[in-house]
Amino acid sequence: MKQATFDPTNIICGAFFILVGAVFAWQSLEVELGSWLRIGPGGMPLALSLLLILLGLIILLAALREVGEPVGAIAWRGIVFITLAPIIFGFTVRGLGFVGAVFITALFASFASLRMTPLRALLLSAALAAFSTAVFSYGLGLPFERIGPWLR
Amino acid sequence: MDLLGNLALGFATASTLANVGFCLIGVLLGTLIGVLPGIGATATIAMLLPITFQIGDPVSSLIMLAGIYYGAQYGGSTTAILINMPGESSSAVTAIDGYQMARNGRAGVALATAAIGSFVAGTIATVLIALFAPPLTTIALKFGSAEYCSLMVVGLVMSVALAHGSVVKAIAMVVLGLLLGLVGQDVISGASRLNFGLIQLGDQLNFVAIAVGLFGIAEILRNLEDERTREVLMARVTGLMPTREDFRRMAAPILRGTALGSALGILPGNGAVLAAFASYSIEKRVSDRPEEFGRGALAGVAGPESANNAGAQTSFIPMLTLGIPANPVMALMIGAMIIQGIVPGPNVAAENPALFWGLIASMWIGNLLLIILNLPLIGLWVKLLKVPYYVLFPIIMAFCSIGVYSVNSNVWDLYVVAFFGLLGYFLLKLRCEPAPLLLGFVLGPLLEENLRRAMILSRGDPTTFVTRPISAGLLLLAVAVLVVVFLPSVRRKREEVFVEEE
Amino acid sequence: MKSLLASIALAGAAFALPHAASAQTYPERTITVVVPFAAGGPTDTVTRLVAESMSKDLGQQVIVENVGGAGGTLGAGRVAQADPDGYTLLLHHIGMSTSATLYRKLPYDTLNAFEYIGLVTDVPMTIVARKDLEPTDLKGLIEYAKANADTVTVANAGIGAASHLCGMMFMSAIETPLVTVPYKGTGPAMTDLLGGQVDIMCDQTTNTTKQIQGGTIKAYAVTSPARLDVLPDVPTAEEAGLPGFQVGIWHGLYAPKGTPAEITERLSKSLQVALKDPNVVARFAELGTAPSPEADATPAALKAKLEAEIARWKPVIEAAGQYAD
């Protein structure tokens, strides 16, 4: 296998910081920059963005002369199910209510792992929903509707 | 001053059966809720606050609330160590080496160290409060915007030591954190900025949402890689309790952490957030085995945990002597006092000596209960590590959704969790560490706000930072830290260069 | 397994519940009052005290939900979009009227998104200063401020905060712009006032009374029509030389637009009962305020107040030229 003569991870890393710096710089130009003596809301963000771009460049340039490992495996399945779980909670907590939202969130997150069987996932989610409702809703009296309007 | 008489009054108040009972309930509830992943001290207290309203007696309800606070904080450290889920800025530092210790099979030792460190720090800080609360307040009031700004500079300089990989990347992460901290409404001008027009994000990105995303979710995703080929394994748990050698090595870090935390905790305006980070940097610098940091160094848990607990304790000082909250938790405490019919102010100690000294005495009792309660529980927490990972993470996701949502009932906070989970994983893949980013996130708004306010107060005269003595002293300290941090590595670099030339 | 069955049974029972709330049987379940600020603040405290008392009268729990952020507009926006069934209410303060001008991109139409229930309380403000500031009375303070307009600093707890509004009103009343120093919240602002880092602040009695009594800050005037029982030595602004200077942090209870009139009337009655509860009266007094009189705890009075306050603050805010978005 041919050894790469650059560090792919750090090239992505440098590029990422440059990109983020550029986006933030563009955002900070939308508000007033102010002057040295009376710094505006955009002054500090712009300075930091430019610094971030500079650091990104340093990382990028250094990466071109180093040898490094590739990025490695990526947990695609995990990304989909895990990061969507809180979003699903957000979408359902008002409609389904607390019980339903906890159940669906846990169920969805369960599918992130290949080791989880559907039956176990259902049981786990139901138990979690019951436990959370008992503790947070009945026990601590959190002000969330247990059963939301979608189910009424 | 009749210190002994006051303390006697305090202990007489706090050690009645009812009050010890409330303290125990508070510590227990705080630990149990705080240990749920993704639910940190602020969320725990916000959730449990209404319960304390049910108690008729203000002293008892405050004692219970304070107990909840210590308990929640300890619970937060537990999740930081066990599953890399810090619930508060201070336990983010504990997560760095605590979680590594857990992965090395030393979860029990890490938890015991945290408990012992917290107890020692709590005891010393309680004595400090009893002895010096009023004079310490006078010092705290000397801290204006210029001083805070210089203090933040010291913190930023120290933050570089948090990294155990590339220094440039660590600085880039700090800068990214500073930028993220500025997203939302600008305090000085009121303008909303850097938020792509999303005012739903609120005044600021939610700290818990970011911490949960960057640390916890990113770690879950990392564990889900190569599921088919690799068994997710924690090393076998070896020994729950610290050995004699461990004790010897945690003593100095605990004392240094306590000193640091006590000093920074009294500053109103959340000076305490720096304590844990600063303690970590110092321990790494003075350690004879700095290479262990980031791979499970005992001192990396003992120091920051003590600093964090001492700071938590002394942050009561501005509240008790001035009636001013030093952090969101103290704001909740003041709300609780008002509901109970006590409006906090500079005269609480004179008008309500039983409350004032009772609360101080209960701090020590609370810490004592906490350690009695938690040392036996360590075995139980460590057993949790045996729960298969695929069962653990749906539980984590459910609880952290509930925890994040409960603080502000804002669904956007949940979207922030998801976004930062993804970002955290991405950064992890790029071999960038999340702790410096989190420190930047906490310091960013404080630094900017105080810098700009100092400039307004000095009518645009930047020399204010060097003509005010405390500020100048802090800046000198920052320079000194820079020299200490960079000189050895610079010298080493130069030596390497010379070797190549020969 | 048992808990699973229990939760299924629970869900089943919920399906079987009769649909849609009717005004005759209201209230049938828990009522949520949204406070658009963090738990533990003055508005939260006022709400919790009133909610507890209203629970007794309504025979159903009235619970408080904190939806903080963006000067209270996030919480108000939430209630504006809630079902108009009387189970989601909003308790907001003066910010309801000022955010109509402070925010140019408000997600709701302040005057047309809500039904009114009634005024709750009107918390007076105090004009205070660091304790070593030279002037001894309000007249002296005004002269001093006019003479040193570019060095006198006025602290506030952030754009849209009570102290910001009162500070603007003060500068507008004395026709002199001073150096405004914003803080994030009352805590840090008060700390700097105690430490003598800033000169003046105008804030609610909830935050200043104890400090004034403790002698850590100097009080020049209260902004209420009459002197306060808790601060008998502090003159009103009217007496002390600022005629017509009255600012109060008034709190109102609202419901989403379309809530049936019978329900808002019922809630209004309940609010009036709560405001006479001796416990509420006593706790309000400790905070340096008093419940609104019965005539003000009505939908009509709140509507009139909101309209008048929007009109009053619009020119002041526009003159200051500072917006929150």
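Which side chains of chain A and chain B meet in a salt bridge? In this predicted model, for which local features need pLDDT of at least 70, side-chain atom pairs count only at pLDDT 80 or more and totals for chains, interfaces and linings use all residues, side-chain values use heavy atoms, with hydrogens and water left out. Residues are numbered from 1 along each chain as its sequence is written, chains are lettered from A and ligands numbered from 1 in the order in which they are written.

The salt bridge (a side-chain nitrogen of Lys or Arg within 4 Å of a carboxyl oxygen of Asp or Glu) joins Asp7(A) to Arg431(B), with an N to O distance of 3.1 Å. One salt bridge is found across the interface of chain B and chain A.

The contact (heavy atoms within 4.5 Å) involves 71 residues from chain B and 69 residues from chain A. About 5900 Å² is buried between the two chains, 79% of it from carbon and sulfur atoms; this area is the accessible area (1.4 Å probe) lost on putting the two parts together, summed over both.

Helix α17(B), residues 389–408, comprises 20 residues and spans 30 Å from its first C-alpha to its last, close to the 28 Å expected at 1.5 Å a residue; the expected span is 1.5 Å times one less than the number of residues. Helices are DSSP runs of H or I with at least four residues, numbered from the N terminus. Because 16 of its 20 residues are buried, α17(B) is largely enclosed by the rest of the structure; buried denotes under 20% relative accessible area (1.4 Å probe, protein chains only). Ser409(B), with a positive phi near 50°, follows α17(B).

How values were computed: Helix = DSSP H or I, 4+ residues; strand = E, 2+ residues; numbered from the N terminus. Buried < 20%, exposed > 50% of the residue type's maximum accessible area, 1.4 Å probe, protein only.
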